[in-house]
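You asked for a quick read of this one before you dig in yourself. Here are my notes, in the order I would go through them.

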Amino acid sequence: MPKSLPARIALLIAFCLTIVAGGYATWLYSTRSGPSGIPSFTGEGSGTALVGGPFELLDQDGQTRRNDDFLGSYMLIYFGYTYCPDVCPTTLNDMSQAIDLLGTETPGKAALVTPIFITVDPDRDTVEALADYAQHFHERLVALTGSTEQVGQAAKAYRIYSQKVEDESASSYLMDHTSIIYLMGPKGEYLTFFPHGSTTKKNKNK
Ligand code: NI
């Protein structure tokens, strides 16, 4: 049976992320061992959609964006926060490079994929903060925030864990959070995920 378009896109994205991250195995199977780690997430499940659902958030231009707005395109979704010192920027960088690589490898396909960043730290990640942050990554990156409730609903739909961690030395706080890139299909359906962890970081260009 020939592979469906969603399956082919998933494979292409996996390929691109692999190249960017520098190793298929490390990219796909490493887990982050932070203070609380990430919740166990054992795989692609039984085929039922355990991940995804409605959200209503604001993008970096202050426009309301709902999950339905992205129907018809693939979503690469990553939850994080702009104050994240390491994992979030690395992951967003990898996502951006993967989209560009996808465009190089298969012209026309990259436009089908929308990279999306959703904050887990709406207190600090205002629309303005996201506008500033997003420009460091992909030009098509959609960065989303909202009220605590709106962000909480989105995080819940995507099974994202996050928690404030006070950082004594920095007189601010960090967010411990699940670090997973989801690939969602054109009907909003869950296709696959790409876990990322600090251990996979490669010195790509440094
Ligand atoms: Ni982070």
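1. **What we are looking at.** First thing to keep in mind: this is a predicted model. The protein chain has five helices and nine strands. Starting at the N terminus, the order of elements is α-α-β-β-β-α-β-α-β-α-β-β-β-β.

2. Of the 206 residues in the protein chain, 49% are buried. The accessible surface is about 10,100 Å², and carbon and sulfur atoms hold 52% of that. Take the contacts in the protein chain with a separation of 6 or more: 75% of them are between residues 24 or more positions apart.

3. **The core.** The largest nonpolar core has 57 residues, and the members that touch the most others are Ile13, Leu76, Ile77, Phe79, Tyr158 and Tyr182. Helix 3 gives the most to this core, with eight residues.

4. **Strand 3.** This strand covers residues 74-80, and seven of its seven residues are buried. Tyr74, Leu76, Tyr78 and Gly80 point one way, while Met75, Ile77 and Phe79 point the other, and all are buried. What does strand 3 pair with? It runs parallel to strand 4, joined by seven bridges, and it pairs with strand 8 (residues 180-184) in the antiparallel sense over four bridges.

5. **Ile77, worth a click.** In strand 4, the bridge partner of Ile77 is Ile116, and in strand 8 Ile77 stands opposite Tyr182. Which residues does Ile77 touch, leaving out those up to four places away in sequence? The list is Ile116, Ile118, Tyr158, Ile180, Ile181, Tyr182 and Met184.

6. **Strand 4.** Strand 4 (residues 113-119) is mostly covered, with seven of its seven residues buried. On one side sit Val113, Pro115, Phe117 and Thr119, on the other Thr114, Ile116 and Ile118, and all of them are buried. Thr119 is the bridge partner of Gly80. To get from strand 3 to strand 4 the chain goes through helix 3, and this β-α-β crossover is right-handed.

7. **On to strand 5.** Strand 4 is also joined to strand 5 (residues 142-145), by three bridges, and the two run parallel. Ile118 stands opposite Leu144 in this pairing. Here too there is a right-handed β-α-β unit, made of strand 4, helix 4 (residues 127-134) and strand 5.

8. **The nickel site.** Which protein residues hold the nickel ion as donors? They are Cys84 (SG), Cys88 (SG) and His177 (NE2), at 2.1 to 2.3 Å from the ion. Along the sequence they are spaced C-x3-C-x88-H. Cys88 is in helix 3 (residues 87-105) and His177 in strand 7 (residues 172-177), so the pair links distant parts of the chain, 89 residues apart. Are these two buried or exposed? Cys88 has 0% relative accessibility and counts as buried, and His177 is buried too, with a relative accessible area of 2%.

9. **Val142.** Val142 lies in strand 5 and counts as buried because its relative accessibility is 8%, under the 20% limit. Its C-alpha atom is 6.3 Å from that of Asp59, although Val142 and Asp59 are 83 residues apart along the chain. Leaving aside neighbours within four places in sequence, Val142 is in contact with Asp59, Gln60, Arg65, Phe70, Thr114, Pro115, Ile116 and Phe117.

10. **Pro195.** Pro195 is found in strand 9 (residues 190-195). At 6% relative accessibility, Pro195 counts as buried.

11. **Arg159, one to check by eye.** Arg159 lies in the loop between helix 5 (148-157) and strand 6 (162-167). Phi of Arg159 is near 55°, a positive value in a residue other than glycine. Arg159 is partly exposed, because its relative accessible area is 41%, which falls between the 20% and 50% limits.

Conventions. Residues are numbered from 1 along each chain as its sequence is written. This is a predicted model: local features need pLDDT of at least 70, side-chain atom pairs count only at pLDDT 80 or more; totals for chains, interfaces and linings use all residues. Side-chain values use heavy atoms; hydrogens and water are left out. Donors are N, O and S atoms within 2.8 Å of the metal (3.2 Å for Na, K and Ca); water is not among the atoms, so sites may look incomplete. Buried means under 20% relative accessible area, exposed over 50%, partly exposed in between (1.4 Å probe, protein chains only). Two strands pair if DSSP finds at least two bridges between them. A crossover is right-handed if, with the strands pointing away from the viewer, the path from the first strand over the helix to the second runs clockwise. Contact means heavy atoms within 4.5 Å. Accessible areas come from the Shrake-Rupley method with a 1.4 Å probe; for residues, only the protein chains shown count as cover. A nonpolar core is a set of buried Ala, Val, Leu, Ile, Met, Phe, Trp, Tyr and Cys residues joined through side-chain atoms within 4.5 Å.
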